[in-house]
Amino acid sequence: MPYTAHIDTFARNNLPPRSQWPELIFELPELRYPERLNCAVELLDRMVAAGHGGRIALRTADGACTYLQLMVRANRIARVLREDLKLVPGNRVLLRGPNNPMMAACWFAVIKAGCIAVATMPLLRAKELKQIIDKAEIGAALCDVRLMEELELARGQCPNLKQALCFNDGGPGSLEALLEAKPAEFGNTDTAAGDVALIAFTSGTTGQPKGTMHFHRDVMAMCDCFPRSILKPGPDDIFCGTPPLAFTFGLGGMLCFPLRYGASTVLVERLMPDTLLQTIEDFKASICFTAPTFWRQMAALAKDHDLSSLKKCVSAGEALPDATRQLWKQATGIEIIDGIGATEMIHIFISHAPEKVRRGATGYAIPGYRACIVDDAGNPLPPGNVGRLAVKGPTGCRYLADERQKNYVQNGWNLTGDAYRMDGDGYFFYQARTDDMIISAGYNIAGPEVEDALLNHPAVAECGVVGVPDKERGQIVKAFVVLKSGIAASAALARDLQDFVKNSIAPYKYPRAIDFVTQLPRTETGKLQRFRLRERKQGAP
Ligand code: 3UK
C-alpha cells in the first residue's frame with residue numbers, strides 16, 4: 001500500500017478500481033511533483049516563505065488580505081477542525097458559501113488539516129445537499145451564516161452530519177469566535193500527492209449527482225497547465241470573475257491560479273454583467289473569468305466603463321459563439337480566450353493563446369493534455385469528422401463509487417460527452433453535447449451552430465436551439481429567442497430570423513419553430529438547460 005496521510009480512508013476505499021482509471025500523463029517537467037505534497041501548503045506557506053507574505057492575496061470592497069494574513073486565518077481554522085471538531089485526515093468537510101475571504105480561508109484550512117473539501121454551490125437546496133452529504137459521508141460543515149437555513153433543513157435528515165459551524169457571523173459559537181483563542185501556527189498534514197484533496201460534485205442535470213475525486217497533485221496540475229501555458233499570469237495581475245469557488249472553474253480561476261503566481265484575486269459575492277464591469281474598473285483587474293452569456297451581455301455595456309486595466313478574458317462553461325467573441329472584440333479590442341474544462345478533468349484542457357485563435361474553434365489540446373475524436377466504438381477518427389471528444393493528461397475522471405465511471409472513461413481516455421470535430425492542424429470545433437444533437441429528417445444538426453447564426457441578427461439578445469419531436473421529421477429545430485429590449489415579437493420578425501439563418505448557414509438547419517421568451521433557463525454555472533427547453537409546451541412560459 002502506498003503512503004497516505006489519511007486516517008479515515010473512505011475516499012481511497014471508494015476510488016474506482018485502477019483498471020477503470022484514465023491513463024495519466026506527466027510528461028511536462030513541471031508536472032513531476034514530489035510524493036509528499038499538500039496543495040494548500042504549496043499555495044500559501046510556500047508563497048509566504050518565498051517572500052510574498054506582505055503582498056495582497058484577496059481583495060474585496062471591504063479591504064484586502066495579504067498572503068500572510070490568509071495563511072494565518074487558514075491555520076487558525078485548521079486548528080478548530082483538528083482541536084475543536086476533532087477531525088482527522090481524510091474526513092470530508094462540507095463548505096458552503098459565496099465567494100468571500102472566509103470561504104477561501106476555510107477551503108485552505110480543510111486542505112491543510114488533511115481533510116477533504118466538498119464545496120457546494122450556494123443555491124443548492126436541502127434535498128440536493130442531502131444527496132451530497134450522504135454520498136460523500138460528510139461529518140462536518142462550515143457554512144456562511146446567510147446560507148445556514150437550507151443546511152439546517154438537510155441536517156435534520158442526515159445522521160452523518162454531526163457538526164456544523166457558521167462563519168461570517170461573529171456571534172458566540174461561530175467559527176470566528178473559536179478562532180480568537182487560536183495561535184497563528186499550524187502543523188500542516190503531510191499528505192501524499194495522491195491523497196484526495198477535494199470531491200467536486202457535477203452540476204449534472206439528471207440522476208444522482210456524481211462526485212469527482214481530485215488529489216493534491218491535481219490541484220497543482222490545474223495551476224501548472226492552463227495558466228502556465230495559455231494565461232501566463234504574473235504577480236501584478238489582479239483576477240476577477242463570476243464562477244463560484246464550489247465550481248472547479250472558479251476554484252482555479254478565482255483562487256488557486258492567482259495564488260500559484262503570486263497574484264491577487266477580487267472576491268465578490270454576487271455579480272451581474274454591469275457589476276462585473278464595475279468591479280474590473282474599481283479594482284483595475286487585469287484578468288477576468290466568466291461564461292459566454294456574461295461576455296455577450298457585457299459587450300453591450302462595455303462603453304460605459306474604463307476597462308483599460310483588463311488584459312486577458314477567459315470564457316468557459318459552455319461553447320463561446322463566434323458572434324459573442326466578435327462583439328467583445330469590437331467593444332474592447334480584446335480576444336477572448338475560450339477553454340473547455342470539466343469537473344471530471346478539474347479544469348481546462350483545450351484552449352488557445354489569444355493570438356492563436358481560430359474562428360469557431362475552442363482551441364487545441366494545451367501542453368500536458370492530448371485530445372482526439374473517436375467513433376462510437378472508441379476508434380480514432382481522421383480530421384474533419386464529427387465524433388466524441390476524448391482527452392487524457394495529468395488529471396482525469398475518478399468518480400466516487402459510481403457505475404458511470406465506465407461511461408466517462410473508456411480505453412484510458414476521458415469521454416466528456418461532447419461532439420467535436422478536429423481540423424488538420426489539431427484545432428477542435430465544438431458541435432453539441434452528444435445527447436443534444438438534433439436529428440431532423442435524417443440530418444444531424446448542432447443547436448449551437450444555429451444559435452451562433454441567430455446571435456448575429458441585430459434583434460437577438462440571447463437564444464437557445466433544441467430539437468423537438470415532430471411526426472414527419474422525427475425532430476424539428478426549434479429556437480427560443482430573447483429579443484433585445486425595445487424590440488417587439490411578431491410573426492414577421494420570426495420569418496425574418498428564419499430567412500437570416502437560411503442565408504448564413506445550410507438552409508436545412510433553419511429553425512422551423514420560433515418561440516419568443518423573456519429569459520432562458522440557466523444553471524448556476526451559466527449553462528443553458530436545454531432539457532428544460534425541450535420539455536416546454538408551445539407558448540408556455
Ligand atoms: C461544457 C464547454 C464548449 C462541455 C468547467 C472550465 O464547465 C466546466 O465543467 P462542468 O463539469 O461541465 C463540463 C462540460 O461543459 N463546456 C465547458 N466549457 C466549454 N463546451 N466550449 C467550452 N469552452 O459540454 C463540457 O463537457 O460543469 C469549465 C473549467 C472547469 C470546469 N469544471
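**View 1. Helix α16 (residues 491-504) lies across β23, β24 and β25.** This helix runs at about 130° to β25. Angles go from 0 to 180 degrees between N-to-C directions, with axes fitted to C-alpha atoms, for helices over the stretch in contact. Helices (H or I, at least four residues) and strands (E, at least two) are DSSP runs, numbered from the N terminus. The model is predicted: local features need pLDDT of at least 70, side-chain atom pairs count only at pLDDT 80 or more, and totals for chains, interfaces and linings use all residues. Residues are numbered from 1 along each chain as its sequence is written, and side-chain values use heavy atoms, leaving out hydrogens and water.

**View 2. Three strands make an open, mixed sheet.** Their order is β23-β24-β25. Strands β23 (460-470) and β25 (513-516) are at the edges with a single partner strand each, so one side of each has no neighbour in the sheet. From one strand to the next, the twist averages 25°. Two strands pair if DSSP finds at least two bridges between them.

**View 3. Strands β24 (residues 474-483) and β25 run parallel.** Four bridges join them. Val481 stands opposite Phe516 in β25.

**View 4. Helix α15 (residues 447-455) lies across β23 and β24.** It runs at about 145° to β23.

**View 5. Helix α12 (residues 292-301) is mostly covered.** Contact means heavy atoms within 4.5 Å.

Technical notes:
Buried means under 20% relative accessible area, exposed over 50%, partly exposed in between (1.4 Å probe, protein chains only).
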